[in-house]
Amino acid sequence: MKTIFLIATDSIRALLHQRLLLGLMLASLALTIFFSITMSSARKNITKSFTDDQMATNSFMGTNQMSEVDRRKFRESMENASTTIQAMFYQVASFGGSIVALFIFSTAVASEIRKGTIRLTLSKPVSRTQFLLGKYLGGVVVMAAFALLASLAILLFAQTQNLELSPVIKWAPWLMFCRQLMLGSLAMLLSLFMHPIIASVLAFVAGNGFYSPPNPLYFVLPSYKDFNVFFQVLQGSLLNLKDVACLSLYAADFVAIMLLFALWRFRTKELV
Amino acid sequence: MTAIRTENLSKTYGHGWNRDATPAVRMLNLEVKEGEIFGFLGPNGAGKTTTIHLLLNLIRPTSGAAYLFDRPVAETEVHRRLGYLPESISLHDYYRGKGLLDFYAALCGVSPDVRPARVAELLKLLNLEDAAGKVVSKYSKGMVQRIGFAQAMLHDPDLLILDEPTASLDPVGRKEFRDILLELKRRGKTVFISSHILSEVESVCDRVAILQNGELKRVGTLQELSAGRSTRFMVKSLPAPLMDALATIAVQVTLVQGQATISCPDEALRQTVEQLLRQHGVEIVRTETETQSLEEIFFATITAPPRL
């Protein structure tokens with residue numbers, strides 16, 4: 001276990017020294033904030049247009065009050081704008097996170113083989129299983145940090161913009177994290193057979209198949225549709241703890257299967 | 001106990017469906033005893049690095065088996081007794097020198113109490129004290145080679161496998177490296193060196209093996225390899241039937257002032273010529289056996305025509 005942690009720590013260190021990865025993470029966070037600010041300004045425009053309309057109506061009618069219908073309309077528009085901001089925030093963060101996850105996991109082992117650093121590491125008393133699990137764990141930690149950053153960003157953003165968070169959005173970072181781990185495990189497995197870029201594209205495409213039980217592909221290829229809370233946030237539907245637990249179990253089961261396949265492949269792979 | 005043992009070890013790249021299968025190592029039987037410095041020689045593409053990769057379990061043999069300290073190379077635990085320096089070394093270059101050694105020492109299971117002292121000792125031994133705080137990516141080739149050597153010795157292994165260890169070192173570095181090897185030998189460590197620098201191998205190795213096209217051509221001590229290798233027989237007269245017999249075998253005959261010199265480049269020919277001389281009742285005036293340098297042995301081995 002100690003060796004796995006050592007490899008994981010080294011993997012995190014290596015990832016933090018990769019400018020491309022840092023650039024990707026910063027770009028996805030920046031893009032998320034950009035979309036949110038755009039949506040937020042749209043929300044302000046709605047408020048302003050309502051206020052202007054109301055003032056025009058009031059001066060025409062000679063009153064100083066908003067009608068019940070207008071008030072409801074205004075509230076609905078504001079709620080719609082608020083949920084759209086959150087949904088967009090989640091969607092962009094999730095897409096950016098997926099790109100980061102694909103980059104991390106598809107290159108974790110492949111880059112060590114390409115550079116030749118794996119030869120030194122495996123000449124030490126480190127088994128191939130420990131190496132692969134350490135590399136995966138390192139990626140998991142970085143993705144957890146990314147999910148945490150995204151959660152903090154949305155909380156901070158909601159607070160500064162006086163947004164009421166949708167009940168579904170609180171699960172979004174966790175589901176996004178699960179989805180990225182699934183994507184990562186598949187990308188890591190595929191990268192042991194092919195070039196990391198092809199592995200990443202295939203993992204992404206395979207994961208966007210809309211399989212559901214009893215389709216057997218659901219258990220061997222990831223199906224992300226249930227992890228995407230975009231539409232639930234928009235529609236205001238609820239996601240209970242049981243649903244989240246089931247999805248988490250599915251993700252854990254899928255990651256375990258992919259890692260088993262990856263271990264089988266890695267143990268027989270020629271590392272030169 | 002042997003430090004390294006291979007049994008009919010073979011490796012073919014691209015076997016199976018691949019029609020361009022290339023045999024890199026063929027039926028290699030090798031034994032390296034504990035406590036010896038063993039030189040592993042061969043021209044480029046002879047299969048030296050492939051053999052080392054097989055010993056490290058980085059690649060799988062097509063057939064045969066390899067053992068380190070009589071345990072299969074696939075056992076991770078046996079790597080606790082092993083230190084390895086690859087040919088073209090790639091390090092985790094985002095570390096500083098000291099941090100890198102600390103990381104490898106931790107992987108080798110060196111206790112955290114001992115680690116700082118051991119790292120400092122090796123940095124001093126390899127003249128890297130000033131570079132200890134420098135990022136490895138900024139190291140020169142020679143410094144990378146030195147820190148690579150340091151990481152191989154971190155856990156004081158019983159066996160060191162060094163692939164072209166002095167390729168990037170200057171003459172001073174090579175001399176220091178040679179001194180370290182001799183010190184390791186004095187302490188009973190086993191060193192397996194693959195090198196192109198024959199003079200270096202000659203000066204430190206107890207035994208050498210010469211590999212060509214994946215086949216083990218020769219193995220032994222320098223004395224064993226050079227003894228009787230090139231023999232010259234001086235005789236007073238050469239009868240015509242003997243001359244004819246000598247012409248059929250690849251020996252060189254020189255006639256100077258009525259005295260003939262028959263040069264036999266290897267042991268097999270020496271025995272044949274000696275037998276012919278006896279059969280024809282020719283008196284041998286003098287026999288000269290030439291001791292060969294490792295370079296001569298090496299070139300004689302790799303340029304010798306294949307025996308049918």
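Chain B contains ten helices and 14 strands, as seen in a model that is predicted. Its C-alpha atoms, taken along the principal axes, fill a box of roughly 80 × 50 × 35 Å. The chain is divided into domain 1, which spans residues 2-224, and domain 2, which spans residues 228-290, and the C-alpha centres of domain 1 of chain B and domain 2 of chain B are placed 44 Å apart.

When the contacts in chain B between residues at least 6 apart in sequence are considered, 70% of them join residues that are at least 24 apart.

The contact between the two chains draws on 21 residues from chain A and 24 residues from chain B. On the side of chain A that touches chain B, the elements giving two or more residues are α1, covering residues 2-16 of chain A, and α5, covering residues 117-123 of chain A. Of these, α5(A) provides the largest share of that side, namely six residues. In terms of composition, the residues of the side of chain A that touches chain B divide into eight nonpolar, seven polar and six charged.

Conventions:
Residues numbered from 1 in each chain as written. Chains lettered and ligands numbered in written order. Predicted model: local features only at pLDDT ≥ 70, side-chain atom pairs only at ≥ 80, totals over all residues. Contact = placed C-beta atoms within 7 Å. Helix = DSSP H or I, 4+ residues; strand = E, 2+ residues; numbered from the N terminus. Nonpolar A, V, L, I, M, F, W, Y, C, P; charged D, E, K, R; others polar. Domains from an automatic or database assignment.
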